[in-house]
Amino acid sequence: MSEKQPLGRAAIWTLVIVSAAGFMAALDNLVVTTALPSIRKELGGGLSDLEWTVSAYTLSFAVLLMFGAALGDRFGRRRVFLVGLAIFTAGSAAAALSPGIGELIAARAVQGVGAAVMMPLTLTLLTAVVPAAKRGMAFGIWSGVNGLAIASGPLIGGSLAEHFSWQWIFWVNVPVGLVLLPLAFRRLGESRGAERALDGPGTALVSLGMFGVVLGLIRGNPDGWTSPLVLTALIAGGVLLAAFVGYERRYAAHPMLPMRLFRSRAFSAVNAASLLMYLGMFGSIFLISQHLQGVGGYSPQEAGLRMLPWTAMPLIVAPIAGIVADRIGGRPIVITGLTLQAVGLALYAAITDGSTGYDYPAEIPAIVICGIGMSLYFAPTAQLVMASVRPHEQGIASGANNAVREVGGALGIAVLSAVFSAQGSYRSAQAFTDGLVPALYVGAAVVAVGAVCAALIPRRRKEAPTGEPGGEAAGEPGGETAGKTAVPARV
């Protein structure tokens with residue numbers, strides 16, 4: 001297909017629908033954080049209850065991502081996507097109508113279930129209708145929208161709570177979901193993975209293992225890393241995940257996550273880079289947003305506006321990065337993006353040392369560099385993940401990468417908060433800065449290691465004169481062009 005040929009109506013509709021759905025799912029990760037004081041004032045509840053309004057979503061979302069991808073591969077991606085979207089919309093309405101803190105926590109868990117079912121399918125639905133030559137651009141737009149949602153969650157939540165009420169954080173999802181449901185039914189094409197039975201034991205092992213690990217990471221700092229709950233959750237989660245690997249390798253007739261995928265250097269390296277990127281990024285955004293409010297004295301909305309040089313970058317840079325990735329391959333762009341993210345975090349830490357006090361304008365270059373780096377990472381990574389496996393395995397590959405990113409985000413908040421607590425506190429501006437600076441340096445180092453992992457991704461193969469990938473047969477996993485044969489659109 002010529003690179004100048006337009007996407008086509010089916011691909012454009014799919015891109016619009018899955019990007020809007022992905023925006024809602026990604027937004028609700030952190031959108032509630034800045035509205036917690038308003039929620040507590042109206043619904044009551046202690047600190048632990050407020051933490052669970054955030055954690056309930058993250059936990060159910062992370063735990064069920066791979067299960068959602070497996071359901072889509074087995075029963076039809078459009079059909080399961082519609083179910084997930086309906087659950088998410090209903091959960092949003094239930095959250096807005098919650099009469100008490102317990103009901104809100106339960107509704108947030110339902111939201112997470114819906115998001116986990118639909119989120120991995122957004123990428124596979126898009127891959128099924130976008131030709132290989134245009135996937136970088138399409139993934140760039142999809143990634144830019146999702147990146148904006150993740151980073152702008154606190155701003156949107158704070159603005160709605162400040163000018164309307166905390167219920168509007170959830171109400172805004174409802175009309176969007178009600179519009180997307182008929183559009184998705186009419187405009188999305190159906191596609192499936194390999195026809196096979198669901199891997200029941202594997203699904204149970206990985207879901208329970210993810211539950212233990214993510215629960216332990218979420219509760220580590222508030223409850224203490226040596227508390228019985230945290231230790232039990234982490235140890236049991238680790239044992240169950242190890243059992244999952246063993247079962248998938250030796251006993252599963254139809255494994256939900258074939259372990260041979262990790263023999264692909266591209267698949268393993270891009271997932272390792274994703275884990276480390278989200279670890280550094282999530283933890284850093286979590287602390288920097290508090291720095292702007294606690295040390296800078298800004299309201300949640302004002303702090304969010306001052307993060308725009310970072311958070312708005314994906315909308316501008318990610319589509320461009322996707323287009324360039326179509327031409328030169330995603331590997332060099334991902335390496336550049338991760339390197340810039342690491343440099344930006346280190347620069348923010350260097351500027352925000354205790355001797356200079358608080359000076360927001362001086363920190364803008366660091367925030368811009370972080371935004372550019374994050375944007376360069378998003379689109380090519382999606383392309384690399386989907387290209388590293390065979391077409392019928394792209395659903396589970398998407399689910400696995402999304403799960404890795406969620407674990408990375410939870411791990412990032414836990415690790416960087418632990419570094420912060422060891423070196424600083426909330427007692428004063430100086431004490432906060434004393435904890436922030438080493439935490440950001442740790443975040444920068446972690447992302448830099450992610451850049452090293454990305455450098456292990458195989459280089460792009462030269463294309464044959466016919467335009468088919470050279471080297472291995474087209475569609476075989478391994479290199480950047482692997483798996484880029486066009487998947488027929490089923491519209």
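How many salt bridges does the structure hold? The structure holds two salt bridges, a salt bridge being a side-chain nitrogen of Lys or Arg within 4 Å of a carboxyl oxygen of Asp or Glu. This is a predicted model, in which local features need pLDDT of at least 70 and side-chain atom pairs count only at pLDDT 80 or more, while totals for chains, interfaces and linings use all residues. Residues are numbered from 1 along each chain as its sequence is written, and side-chain values use heavy atoms, with hydrogens and water left out.

**Salt bridges**

- R108 is paired with D28, and their closest N and O atoms are 3.6 Å apart.
- Helices (H or I, at least four residues) are DSSP runs, numbered from the N terminus.
- R108 is buried at 0% relative accessibility, and D28 is likewise buried, with a relative accessible area of 0%. Here buried means under 20% relative accessible area, exposed means over 50%, and partly exposed lies in between (1.4 Å probe, protein chains only).
- D223 forms a salt bridge with R219, with the closest N and O atoms 3.0 Å apart.
- D223 and R219 are separated by about one helical turn, because they are four residues apart in helix 9 (residues 200-223).
- D223 is partly exposed, at 33% relative accessible area, whereas R219 is buried, at 4%.

**Aromatic rings**

- The structure holds eight aromatic pairs. Rings of Phe, Tyr and Trp (its six-membered ring) pair if their centres lie within 6.5 Å; planes under 30 degrees apart count as stacked, over 60 as edge-to-face and the rest as tilted.
- F164 and W168 have ring centres 6.4 Å apart and planes at 55°, so this pair is tilted.
- F164 is exposed, with a relative accessible area of 60%, while W168 is partly exposed, with 42%.
- For Y247 and Y251, the ring centres are 6.4 Å apart and the planes are at 35°, so the pair is tilted.
- Y251 is exposed, with a relative accessible area of 61%.
- One aromatic cluster is formed by Y278, F282 and Y377.

**Charges over rings**

- The charged end of R74 sits over the ring of F75, at 5.3 Å from the ring centre. A charge sits over a ring if NZ of Lys or CZ of Arg is within 6 Å of the ring centre and within 35 degrees of the ring normal.
- R78 lies over the face of F185, 5.4 Å from the ring centre.

**Nonpolar surface patch**

- A nonpolar patch on the surface is formed by L315, I316, I320, V324 and I328, which together have about 450 Å² of accessible area.
- Patches are made of residues with over 30% relative accessible area and no salt bridge, with nonpolar side chains (Val, Leu, Ile, Met, Phe, Trp, Tyr) joined within 5 Å and like charges within 9 Å.
- L315 is located in helix 14 (residues 313-328) and is partly exposed, with a relative accessible area of 46%.

**Cysteines**

- The count of disulfides is zero, a disulfide being a pair of cysteine sulfur atoms within 2.5 Å.
- C370 counts as buried at 2% relative accessibility, and C453 counts as buried at 16%.

Notes
Areas by Shrake-Rupley, 256 points an atom, 1.4 Å probe, with all protein chains shown as cover. Helix = DSSP H or I, 4+ residues; strand = E, 2+ residues; numbered from the N terminus.
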